Amino acid sequence: MAFARRLVGECSHMVLVARRREVLMELSDELRAANSALKVTVVDCDLASQRARERLVQTLEALPEGKTLLINNAGLGDYGDYASSSPKRNHQMLHVNVLAVAELTRALLPRMASQGGGIINIASLAADLFIPDFAIYAASKAFVASFSEAIRLEMRQAGVPVVAVCPGPVHTGFGDVARRQGCTNGYSSFKKWVYTSIPTVVNGALDALKRNKARYYPSRRIRLIGWLLRNTPLGVMRRVMGMRPRKVAPLKES
């Protein structure tokens with residue numbers, strides 16, 4: 001939603017994608033009220049569903065010619081150890097965090113190569129780290145970051161920028177959805193210290209795309225942490241993560 005509101009004055013046609021149609025319709029009305037010339041297409045789509053993604057791809061491929069900006073910012077998480085995880089939830093995370101990014105990018109790359117455009121993929125600071133109690137999410141964001149880097153190089157001659165955005169925690173509803181019933185959400189005082197505001201992520205991501213940056217770490221703190229993670233020897237990182245207190249544990253009954 002934040003990206004849509006930020007770009008409302010810069011687009012002639014916007015495609016909004018989410019699971020809840022009523023939320024999309026409210027946003028569509030808001031955007032058209034702000035820009036009467038804007039055409040808005042609403043697609044209620046569960047990105048965890050292969051059939052739903054196929055229908056979405058058909059919609060995207062039928063768009064009129066023109067410069068296209070793709071923003072892959074949907075994501076699912078799951079706080080808790082992998083051994084007790086839900087296979088269904090794991091399946092959904094991989095489809096949303098990995099397959100949807102790959103498939104939607106593939107659907108729009110050919111038109112971008114000939115007509116221009118760009119891609120913003122929301123990865124995470126977790127892309128630089130393996131995280132106990134957050135195993136699939138961190139691994140999926142490592143895919144997003146690596147995938148973005150490769151596509152960026154492939155599309156360099158076509159002039160299509162691709163940026164992987166790697167924020168730390170952001171104030172959205174992500175944590176509430178990722179939290180398992182009866183467990184904490186994994187938040188800590190450290191996470192609060194590295195929280196990034198939504199406007200910082202959105203404005204910084206769009207600026208990074210314009211400047212053809214490969215990755216964007218919002219805030220100096222996040223950039224520093226990212227640098228440390230990428231430059232810490234793997235053996236040291238294993239020791240550090242092995243001593244890390246488990247932040248996800250069953251809540252005590254009152």
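This is a predicted model: local features need pLDDT of at least 70, side-chain atom pairs count only at pLDDT 80 or more; totals for chains, interfaces and linings use all residues.

Trainee: Which residues of H8 are buried?

Mentor: Buried means under 20% relative accessible area. In H8 that group consists of Val 201, Val 202, Gly 204, Ala 205, Leu 206, Ala 208 and Leu 209.

Trainee: How many residues does H8 have, and how far does it reach from its first C-alpha to its last?

Mentor: Helix H8 covers residues 198-210, which is 13 residues. Its reach is 19 Å, close to the 18 Å expected at 1.5 Å a residue. After H8 comes Asn 212, with a positive phi near 55°.

Trainee: Let us move on to charged side chains. How many salt bridges does a search of the whole structure find?

Mentor: The search finds 10 salt bridges. The general idea is a distance test: a side-chain nitrogen of Lys or Arg must lie within 4 Å of a carboxyl oxygen of Asp or Glu. One of them joins Arg 211 to Asp 207, where the closest N and O atoms are 2.8 Å apart. Arg 211 is partly exposed, at a relative accessible area of 47%, and Asp 207 is also partly exposed, at 36%.

Trainee: Where do Asp 29 and Arg 32 lie?

Mentor: An α-helix has 3.6 residues a turn, so residues three or four places apart point the same way. Asp 29 and Arg 32 both lie in helix H2 (residues 21-34), three residues apart, or about one turn of the helix. Their side chains meet in a salt bridge of 3.3 Å, N to O. Asp 29 is partly exposed, with a relative accessible area of 46%, and Arg 32 is partly exposed at 35%.

Trainee: Which residues are linked in a network of salt bridges?

Mentor: The network links Asp 128, Glu 149, Arg 215 and Arg 230. Elsewhere, Arg 6 forms a salt bridge with Glu 10, with 2.7 Å between the closest N and O atoms. Arg 6 is partly exposed, having a relative accessible area of 31%.

Trainee: How many aromatic pairs are there?

Mentor: The count comes to three aromatic pairs. Tyr 79 and Phe 134 form a stacked pair, 4.6 Å centre to centre with 15° between the planes. This pair links distant parts of the chain: Tyr 79 sits in the loop between S3 and helix H4 (87-115), and Phe 134 in the loop between S4 and helix H5 (135-154), 55 residues apart. Phe 134 and Tyr 137 are likewise a stacked pair, at 4.6 Å centre to centre and 25° between the planes.

Trainee: Are Phe 134 and Tyr 137 buried or exposed?

Mentor: Phe 134 is buried, with a relative accessible area of 9%, and Tyr 137 counts as buried at 11%. Tyr 79 is buried as well. Together, Tyr 79, Phe 134 and Tyr 137 form one aromatic cluster.

Trainee: Finally, how many cavities of 30 Å³ or more does the search find?

Mentor: The search of the whole structure finds one. The largest cavity holds about 70 Å³ of space. It is lined by 13 residues, of which Asp 78, Gly 80, Tyr 82, Ala 135 and Ile 136 lie nearest its centre. The elements giving two or more residues to this lining are H4 and H5, and H5 supplies the largest share, three residues.

Definitions and conventions
Residues are numbered from 1 along each chain as its sequence is written. Side-chain values use heavy atoms; hydrogens and water are left out. Helices (H or I, at least four residues) and strands (E, at least two) are DSSP runs, numbered from the N terminus. The expected span of a helix is 1.5 Å times one less than its number of residues. Buried means under 20% relative accessible area, exposed over 50%, partly exposed in between (1.4 Å probe, protein chains only). Rings of Phe, Tyr and Trp (its six-membered ring) pair if their centres lie within 6.5 Å; planes under 30 degrees apart count as stacked, over 60 as edge-to-face and the rest as tilted. On a 1 Å grid over the protein atoms alone, a cavity is a set of points where a 1.4 Å probe fits but cannot get out, and a pocket is an open set with protein on both sides within 12 Å along at least five of seven lines; lining residues have an atom within 4 Å of a point. Grid points are joined across faces, edges and corners, and a volume is the space filled by probe spheres set on the points.
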